[in-house]
Amino acid sequence: MSEIEVRPVLIGRSLSGKTASDETGVSARDIGSKAAQLRLMSRLGLRVPPAFVLPTALCGPVNRSDEDALRQVRDALTMGIRFLEQETGRVFGDPRQPLLVSVRSGAERSMPGMMDTVLNVGLNEAAVYGLMRLYGDPRLAWDSLRRLQQGYGEVVAGIGAGVFEERLAVLVAEEGVAADADLDSESLERLALDYRRAMQGIGKPLPVDPAEQLERAALAVYRSWEAPKAREYRRLNHFEDLTGTAVTVQAMVFGNAGGASGAGVAFSRDPATGAPGVYADFLFDAQGEDVVSGRRLPGDLSLLERRLPHVARELVAGIAQLEAAQKDMQDVEFTVEEGVLYFLQTRAAKRTPRAALKVAVDLVEAKTLTPAEGRALLAGVDLDKIVLTRFAGEEAPAATGIPASPGTVAGRAAFDSETATRLAGQHEPVILIRHDIATDDVAGIAAASGTLTAAGNRTAHAAVVARQLGRACVVGCRALGFAEKDGRTSVTIGDHTVSSGDWLSIDGSSGAVYLGRREVVTVRPEAELAIVAGWGA
């Protein structure tokens, strides 16, 4: 390590409204694109929870267990927490007015869902009661603790998700509710205590000391840079030049604080087609992971407009401001806490090649971009391969789901990433079929021509990755059923059983699912391609 001391980069607004620390010469390469965009949003006057960032330069040394780097992480965390305490008026580790934080990854270029995040860090069973007093909401407090236990357990302690999911499923069944969102505070308290016993039984308890929680979470996020899915994503996207991830520590805002709270993801344009207009998924009484995991079916912007119209107006205005500032289509994560909107992240949106063409043309036509800038926005897009597709003839679908990435494709059914990769290696088109897709499945999504899931939504990580890779994707197909027998997976669509290798066809523009192999007809978007050709070389 260098002898130069690493200091955290601070992001926030003091009570006077001035930006707290606006270091010059700090780039996305130093602090990751996520933190760089947080600084931009703060400078634009959008409401951003205060944060601090540990730089990408520490990632490699931390992963090599360099003692000086580990010391610098501890020192920077101490300095950064002191700043957040000043900004929020809360105290990290305090049982009466606890400051809780999220610990997030962020490389120079966006890698959605490929590295780890831990939310609600700083909470323990003593601070639960302080959180109750702050918000007057026992459910929020116990829900936040059980989320921390699971997030810490999976990301930091390496405990399998099944340890938590099985206990949650048992409790949901015992309480006779549909999902965890319907559990009351007393049930969530029992769940948190059950998680504690399970973690202790494995010998990997959640530390009581918030400082220990924070340090271990930050190191785990740095180390997630070397996770297999992160390495595979960098390979697929030719990101081998990236040197590591930064770690952003941000004051928590709570989308799970009741009926006037929630979490969402919004795009400034449709990421599948490029059509203008805010395209959003939003869940009330939820944290961000609930939205991108696809475990719950969200509403769209109209849901927010009906229940919190002032928040919807502020969101639309903020997204327009971000697109204008960035001169590109944006993907925005946000949280609403008790009717107050907070912007958590913005980035250039992952989009299909078809959407990339339309966005570039629209922005040049609006004189937001010059023709040269429009060409630059299309760098890496093979214009010769952009086609609009449809199935020949008319046929009633066997099922429908949520269209998440356009394309009409036929392929052989594969129920796991390994099978999808093997069949694709035999030059067979493949449809990867899963109940829900985790970001660990990135290799399977890349190998397949299309993806079909029973769960999920338009802004889940799997849908985002499918759009970026130009793969057709249908999610949330409730007609899909899954069964395991003798180590083999079988899938049903209504009364019909689909076996591995069977032909299936999906339409990622309409959400339609068909049995068998259908003929695909292609058409090129000639009008827009002609406009781009007129921009010159």
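This is a predicted model: local features need pLDDT of at least 70, side-chain atom pairs count only at pLDDT 80 or more; totals for chains, interfaces and linings use all residues.
Trainee: Which residues lie nearest the centre of the second largest pocket?

Mentor: Happy to start there! The pocket holds about 1500 Å³ of space. Its lining counts 48 residues, and by class these are 21 nonpolar, 17 polar and 10 charged. Nearest the centre lie Arg351, Thr352, Pro353, Gln468 and Gly470.

Trainee: Strand S9 also belongs to a sheet. Which strands stand at the edges there?

Mentor: Good one to trace on the structure. The sheet is open, with four strands paired antiparallel in the order S7-S6-S8-S9. Two of the strands have a single partner each, so one side of each is left without a neighbour in the sheet. Those edge strands are S7 (276-284) and S9.

Trainee: How many bridges join S8 to S9?

Mentor: Strand S8 covers residues 330-337 and runs antiparallel to S9. Across this pair, Val336 stands opposite Leu341 in S9. The number of bridges joining S8 to S9 is eight.

Trainee: Are helices H5 and H6 roughly parallel or antiparallel to each other?

Mentor: Let's look at their axes first. Those of H5 (residues 138-155) and H6 (residues 161-175) come within 9 Å and cross at roughly 150°. Angles over 145 degrees count as roughly antiparallel. H5 and H6 are therefore roughly antiparallel.

Trainee: Which residues of H6 do the H5 residues meet?

Mentor: By class, this contact has three nonpolar, three polar and three charged residues. From H5 come Arg146, Gln149, Gln150, Gly153 and Glu154. In H6 they meet Ala161, Phe164, Glu165 and Leu168.

Note on methods: Residues are numbered from 1 along each chain as its sequence is written. Side-chain values use heavy atoms; hydrogens and water are left out. On a 1 Å grid over the protein atoms alone, a cavity is a set of points where a 1.4 Å probe fits but cannot get out, and a pocket is an open set with protein on both sides within 12 Å along at least five of seven lines; lining residues have an atom within 4 Å of a point. Grid points are joined across faces, edges and corners, and a volume is the space filled by probe spheres set on the points. Ala, Val, Leu, Ile, Met, Phe, Trp, Tyr, Cys and Pro count as nonpolar, Asp, Glu, Lys and Arg as charged, and the others, Gly among them, as polar. Two strands pair if DSSP finds at least two bridges between them. Axes are lines fitted to C-alpha atoms, for helices over the stretch in contact, and angles run from 0 to 180 degrees between N-to-C directions. Angles under 35 degrees count as roughly parallel, over 145 as roughly antiparallel, 65 to 115 as roughly perpendicular and the rest as oblique. Contact means heavy atoms within 4.5 Å.
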